Amino acid sequence: MKNSKGTFITHAAAIAAIYVVLTLVFAPISYGEVQVRIAEALTILPFFTPAAIPGLFIGCLIANVIGGSIVLDVIFGSIATLLGAAGTWMLRKNRWLAPLPPIISNTVIVPLVLRFGYGVLLPIPLLMVFIAIGEIISCYILGELLLSVLLPYAGRLFGTDRSSDLNEKKK
């Protein structure tokens, strides 16, 4: 697949749309103090393509607006996903480290939004534990499952063949 600006925009838009749909379909568990945002599994996609970085950011932004989040959450929740996606891209050489940045960024940022934006009175460390658990489920468990499913099709889907990168590391 030719790496063109059009392909980049198309990938980013598709990822944003999927993120929005997954967040809204699973809305009861996508928002709040205890959340498992299924769409966060997509934060593994920068492993395959940098187009996922703006796609995830825009998808999170739209999902937060449509989901009725306050402005603080729309801004900082989306920034948490942006930072996580960029970190995944930077750690793409190691599939086991790649899911860590979104877990860390959301664990640090989202509890502060919950406390200072929504007035949730639970202790911030407890909110961090809740968010971390949800992110581990989304990013590590579901994200790694998604990565495993997409890996054989990376060349056709994203124009990259990541399986050879991973096979070289095993040697």
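**Notebook: helices and cysteines**

I began with helix 5, which bends by about 25 degrees at Asn 106. The bend is the angle between axes fitted to the seven residues ending there and the seven starting there. Helices here are DSSP runs (H or I, at least four residues), numbered from the N terminus.

A note on what I am looking at: this is a predicted model, where local features need pLDDT of at least 70, side-chain atom pairs count only at pLDDT 80 or more, and totals for chains, interfaces and linings use all residues. Residues are numbered from 1 along each chain as its sequence is written, and side-chain values use heavy atoms, with hydrogens and water left out.

**Helix 5, continued**

I looked up the length of helix 5 (residues 100–116): its 17 residues reach 25 Å from first C-alpha to last, close to the 24 Å expected at 1.5 Å a residue. The expected span is 1.5 Å times one less than the number of residues. Asn 106, where the bend sits, is one of the buried residues of helix 5, along with others including Pro 101, Ile 109 and Leu 114. Buried means under 20% relative accessible area, exposed over 50%, and partly exposed in between (1.4 Å probe, protein chains only). Which helices do the buried residues of helix 5 pack against? I found helix 4 and helix 6 (124–150).

**Helix 3**

Next I checked helix 3 (residues 52–66), whose 15 residues should span 21 Å at 1.5 Å a residue; its end C-alpha atoms are 20 Å apart, which agrees. Its buried residues are Ala 52, Ile 53, Gly 55, Leu 56, Gly 59, Cys 60, Ala 63 and Asn 64. They cover an arc of only 165 degrees around the axis, so they lie on the same side of helix 3. The arc is taken from the directions from the helix axis to the C-beta atoms. The buried residues pack against helix 1 and helix 4 (71–90), while exposed Val 65 and Ile 66 sit on the face turned away from the buried side. After helix 3 comes Gly 68, with a positive phi near 85 degrees.

**Cysteines**

How many disulfides does a search of the whole structure find? I got zero, a disulfide being a pair of cysteine sulfur atoms within 2.5 Å. Cys 60 is buried, at 2% relative accessible area, and Cys 139 is buried at 1%.

**Leu 22**

Last, I visited Leu 22 in helix 1 (residues 5–25). Leu 22 is partly exposed, at 23%. Leaving aside neighbours within four places in sequence, Leu 22 is in contact (heavy atoms within 4.5 Å) with Ser 30, Ala 39 and Leu 42.

Conventions
Helices (H or I, at least four residues) and strands (E, at least two) are DSSP runs, numbered from the N terminus.
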